Structures are given as structure tokens and as C-alpha cells.
Amino acid sequence: SSAVGFVFAKKLQEDLKIPIGLIDANRGGSFISLWEPPHALKAKGERRPARNMFNSMIGSYAHGFPIKGVIWYQGESDAINLQKAQQYEKTFKAMIEGWRHEFKDPDMPFLFVQLASYERNPYQHGITYPVLRDAQSAALELKNTGMAVAIELGMIHDIHPPQKIEVSERLFLAAKKIAYNQDIEFSGPLYKSHEIKGNKIIVSFAHSAKGLKAKTVDLDGTMLNQDK
């Protein structure tokens, strides 16, 4: 069972005081292409065998079964090389729109986790993870999407960091805002724009709430003081 999914559902149930049902559909080490529904493949002009993870794990629920929304945690396999990482943005957006089409719900909330840091990433000098994270964040251009940032939760030696509760809490906040329309700040700061003025660069952020503040951070056992 998904630890992130379990804690997410538990927190949502405690907050909303309503039963939360969780459909657990997992396949370790899978590529995003295995989760594309027929509509997404058709939109991309591709033909592939119908036997994939969407059809075997998700598709049967799309026929009249009510789904409130989706939480998605995947991407490590697609960071195996630069080509796959660069293709992820197009595939991810098409997949989200495809799932919504199959469930006949164009506004279905889709919340996802951005890849955590992984220092021992052996692929192409480690550049594939930043590229894939950027591809993931591009999906925020679609309506009713939310991203849980996990970059400071990663570990040097472990591709699957154990800090699941923090990830769940960030997805939980996104769900409260996007799926249940609660008036809260649900995201950490995200880059919006920048302006060059002389020898200074003025950077603007979305979701900055009452402003930004540096704080001490524990990165996999290494303490980085706020003055760093």
C-alpha cells in the first residue's frame, strides 16, 4: 500500500469529517508512458498495445465510478536519460488530460509530487533529475493541478526517501484548496518572473503568502543554517 496515499487519505478524512476511499494503483519502476490512456495516445498520434498500466489498473473505474481526484508520485524511471526527461512534460500533460477525458471529468483535480533530491543519480552527471522536475512543474499550467515539492526531503543514497508524512501533508493542503475549495495557502513559493535592474535581479514568486523567510534546513543529516 502507498504510505503517502494512506497518510493523505487519513488526514483528509480527519479534516473533512467524511469517509475517504483510496484506490491504490502502484507499479514500482514504471515509466509514465505505461499509464497513458487511449485518449492521450490518440491525441499524440501514437498506436501502442492496449495492455498497459492504465487499462489494467485504472481504466475499469472510468465507466461510471465516481473519482474525486488523483494523487500521483512517479518519475524516477523517466529520469534514466535526458531524452526521456525532456519528453516528460508533453507526456505528463497529455496523460492528465487523457485521464480526465476517460473519467468524463475535465475538472478532475490532479495533484502530484515533484521528484525529491537524489545525490547519487548516476545518469548523465545528475542533470536528468532537474530537467524532469522542470517538466513536472510545467503541468501546473493545466487547471486544477497542484504540486508537492519534495526536493529537501531527498537522500544521498536512497532513491525512495522515507519522509512520506511531509509529502502527504503537502498533497493534503493542495487537496483542501483545489478539490475542496478551502481558502488556504497550499503551496510553497514558486518562481513567477524576474527583472534586471542595473546590477540587481528582482525575482518574484507566486504563493509567497506574507513573504519569504530563510530557515535552518536538515538535508539528509547535514544542517544548513539560515544564514547560508
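By class, seven nonpolar residues, one polar residue and one charged residue make up the lining of the largest cavity. The model described here is predicted.

**The cavity**

Rolling a probe the size of a water molecule over the atoms shows where empty space is left. In this structure there is one cavity of 30 Å³ or more. The largest cavity holds about 40 Å³ of space. Its lining consists of Tyr73, Glu76, Leu115, Ala116, Ser117, Tyr118, Tyr129, Ile159 and Pro161.

**The nonpolar surface patch**

On the surface, a nonpolar patch is formed by Tyr191, Ile196, Ile201, Val203, Phe205 and Leu212. Together these residues have about 610 Å² of accessible area. Strands β4 (190-197) and β5 (200-206) each contribute at least two residues to the patch, and β5 provides the largest share, with three residues. Phe205 is placed in strand β5.

**Salt bridges**

Side chains of opposite charge can pair when their charged atoms come close. The structure contains seven salt bridges, including those tabulated below.

| Salt bridge | N to O distance |
|---|---|
| Lys10 and Glu14 | 2.8 Å |
| Glu89 and Lys93 | 3.1 Å |
| Arg170 and Glu152 | 2.5 Å |

Lys10 and Glu14 both belong to helix α1 (residues 3-16); they are four residues apart, so about one helical turn separates them. Lys10 is partly exposed, at 45% relative accessibility, and Glu14 is partly exposed as well, at 44%.

Helix α4 (residues 82-102) holds Glu89 and Lys93, which are four residues apart and therefore separated by about one helical turn. Glu89 is partly exposed, with a relative accessible area of 30%, whereas Lys93 counts as buried because its relative accessibility is 17%, and buried means under 20%. Glu89 and Lys93 are also linked with Glu141 in a network of salt bridges.

The remaining pair in the table is Arg170 with Glu152, whose closest N and O atoms are 2.5 Å apart. Arg170 lies in helix α6 (residues 164-178), while Glu152 lies in the loop between β3 (145-148) and α6, so this pair ties together parts that are 18 residues apart in sequence. Arg170 is partly exposed at 26% relative accessibility, and Glu152 is partly exposed with a relative accessible area of 27%.

Notes
Residues numbered from 1 in each chain as written. Predicted model: local features only at pLDDT ≥ 70, side-chain atom pairs only at ≥ 80, totals over all residues. Heavy atoms only, no water. Patch = residues over 30% accessible without salt bridge, like charges linked within 9 Å, V, L, I, M, F, W, Y side chains within 5 Å. Areas by Shrake-Rupley, 256 points an atom, 1.4 Å probe, with all protein chains shown as cover. Salt bridge = Lys/Arg side-chain N within 4 Å of Asp/Glu carboxyl O. 1 Å grid on protein atoms, 1.4 Å probe; cavity = no way out; pocket = protein on both sides within 12 Å on 5 of 7 lines; lining within 4 Å. Points joined across faces, edges and corners; volume = space filled by probe spheres on them. Nonpolar A, V, L, I, M, F, W, Y, C, P; charged D, E, K, R; others polar. Buried < 20%, exposed > 50% of the residue type's maximum accessible area, 1.4 Å probe, protein only.
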